[in-house]
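Please keep the sequence and the model side by side while reading.

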Amino acid sequence: MEKPENVQMENQGVTDPEKRPPSVVAAYENDIDPKAERRLLLKLDAVILPLTVLMRGNIGNARLQGLQTQLLDNSDNKYSIVLLTFYITYMLGSIPGTLLSKAIPPNYALGGGCLIWYSFASIIVCRLFIGLGESIFGQAVVLHYSLWYKKNEIATRLAAFIGAGVLAGAFGGLIAYGVSSIQSHISTWRILFLIEGCPSVLLGVFVVLFLPSRPERSSYLNETERELEFLRLRSQNLDEGDNGIDWNGVKRAFTDWKSYVVTPWFRLTLSSLSGFFPTIIKSLGYTNAEAQLYTVPPYAVGFVVMLLLNYASDRLRLRGPFIIFVFLINAIGWVLLLAVVNEQHVRYFACFCIVIGGYCTIPLIQSWVSNNTGSQSQRAVHLGFLNSLANWAALASPFIFPTADAPRWHLGFGLNLGFSCAAIVVTAAMIVYYRYENARRDKEEGGPPRPGQKVEVAKLHDLAPGFRYTP
């Protein structure tokens, strides 16, 4: 089938997308009917967002349900090793897993990652497979969104994707509280894993069958909608098309210093929450069952804050200032947990802060990286760095909350505070750099790029004349 964008250009006397004049390109965005665009976005959201939402694992709740006492000889070290094994495959598989969505249709790659996500053979093998599945699925979702949505639309959608993990934390606490009262010959932590794992297996099948792969090949769009989608993408030079893995783009990502500076500071709080948040709540004086119930409000508030902040970020087309704001909230939470020991209401408020800080930054950072990488292959690798490099600190997270240190956990709270402060400093420095670089390019190129100007991102990535960074 001939690509709709070529049909559109032929109607204007331009058959080669690389040779279209700026006047033609500038007209594309003006040709978009706002009502038709809203209808198209609703249609895309209706299928893409539900099919890229997964129920996250709940090993922190399973610990309080008896996982550690029954299977791990009540050993903190064994529990820490179980947490650690996830990161082995998660970090090693992230870059190839994200590139897989460039090499094969994204619905196959994402569906495969979803199906691998849960396994029940043994706890170690299970965690290795979970890490492998998430390395394929996690950042590939971000790449997939960038194939369909404009730069100022992606953060809100990513907030819905990551927000599903926050809601999973909220509902997971409720489910765990209910499961704790089940009387069965099967351990309650096993029941918990079954309840949360089976839907992901079913979802993986639906992803393979029904998730739209790429705009140029998906049967989900009719030809009118496909032409409109290409007009939308072309208005921001996102119409790269399906050209497989571009190894020059891969090389650009590996040789770009920003790949190594931006990513390493952002994931320690998230990994700490996934393994130990119910334990931190329990240290406030609650029973195991009560602790699982009291994890719900922080996650619910975190979900609402995430949606609001990322929507505002899209509307203002800013990322860095919002990231700094969220990490300030995160830092306040860790300071309170370090400084206040006996006032449980203050410590519980701090738990809200660290959930907001741990989760709300993720879609902001993912959209920041997506916006500031020129080509799809460069984007795929840099997004993979968000898992592989960003989780180097997470390798320590399973070992920084030993039971003997409760409820102060100076090491765990202190490291998280330090990484939050480092993230604020790095983000502020990158905002300054991006603004400086944009101003330098404006000066060299005779001003900002014209609306709709063709930018050769497929060949020159973020170094292309006309490309500007999002601060």
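Arginine 157 and aspartate 45 are both buried, and in this predicted model the two residues form a salt bridge in which the closest N and O atoms are 2.9 Å apart. Arginine 157 lies in helix α8 and aspartate 45 in helix α3 (residues 34-51), so the pair ties together parts of the chain that are 112 residues apart in sequence. The points below place this pair among other salt bridges and then turn to the chain as a whole, a helix, a surface patch and some backbone details.

**Salt bridges**

- The count for the structure comes to 17 salt bridges, and a network of them links Glu37, Lys150, Glu153, Glu229 and Arg232.
- Within helix α19 (residues 410-444), glutamate 437 and arginine 440 are separated by about one helical turn, because they are 3 residues apart, and their side chains meet in a salt bridge with an N to O distance of 2.5 Å.
- Arginine 440 also meets glutamate 444 in a salt bridge, at 2.7 Å from N to O, and these two residues, both in α19, are 4 residues apart, which is again about one turn of the helix.
- An α-helix has 3.6 residues a turn, so residues three or four places apart point the same way.

**The chain as a whole**

- The chain contains 20 helices and 0 strands, and buried residues make up 59% of its 471 residues.

**Helix α17**

- Helix α17 covers residues 344-371, and at 1.5 Å a residue its 28 residues should span 40 Å, which agrees with the 41 Å that separate its end C-alpha atoms.
- The helix has a kink of about 25 degrees at threonine 361, shortly before proline 363.
- Of the 28 residues of α17, 24 are buried, so the helix is largely enclosed by the rest of the structure.
- Isoleucine 356 is one of the residues in α17, and at 9% relative accessibility it counts as buried.
- Which residues does isoleucine 356 touch, if those up to four places away in sequence are not counted? Its partners are Val301, Gly302, Val305, Val326, Ile329 and Thr361.
- Leucine 270 is 86 residues away from isoleucine 356 along the chain, while the C-alpha atoms of these two residues are separated by 10.0 Å.

**A nonpolar patch on the surface**

- Phe171, Leu174, Tyr177, Leu293 and Tyr294 form a nonpolar patch on the surface, and together they have about 440 Å² of accessible area.
- Helices α8 (154-179) and α14 (288-294) each supply at least two residues of the patch, and the largest share, 3 residues, comes from α8.
- Leucine 293, which lies in α14, is partly exposed, with a relative accessible area of 31%.

**Backbone details**

- Most residues other than glycine have a negative phi, and most peptide bonds are trans.
- The peptide bond from alanine 406 to proline 407 is cis, with omega near 0 degrees, and proline 407 is found in the loop between α18 (376-388) and α19.
- Asparagine 237, although not a glycine, has a positive phi near 55 degrees; this residue sits in the loop between α10 (223-234) and α11 (247-255) and counts as buried at 11% relative accessibility.
- Histidine 461 also has a positive phi, of about 60 degrees, without being a glycine; its place is in the segment after α20 (457-460), and at 5% relative accessibility histidine 461 counts as buried.

Key:
Residues numbered from 1 in each chain as written. Predicted model: local features only at pLDDT ≥ 70, side-chain atom pairs only at ≥ 80, totals over all residues. Heavy atoms only, no water. Expected span 1.5 Å × (residues − 1). Bend = angle between axes of the 7 residues up to and from the residue. Buried < 20%, exposed > 50% of the residue type's maximum accessible area, 1.4 Å probe, protein only. Patch = residues over 30% accessible without salt bridge, like charges linked within 9 Å, V, L, I, M, F, W, Y side chains within 5 Å. Areas by Shrake-Rupley, 256 points an atom, 1.4 Å probe, with all protein chains shown as cover. Salt bridge = Lys/Arg side-chain N within 4 Å of Asp/Glu carboxyl O. Contact = heavy atoms within 4.5 Å.
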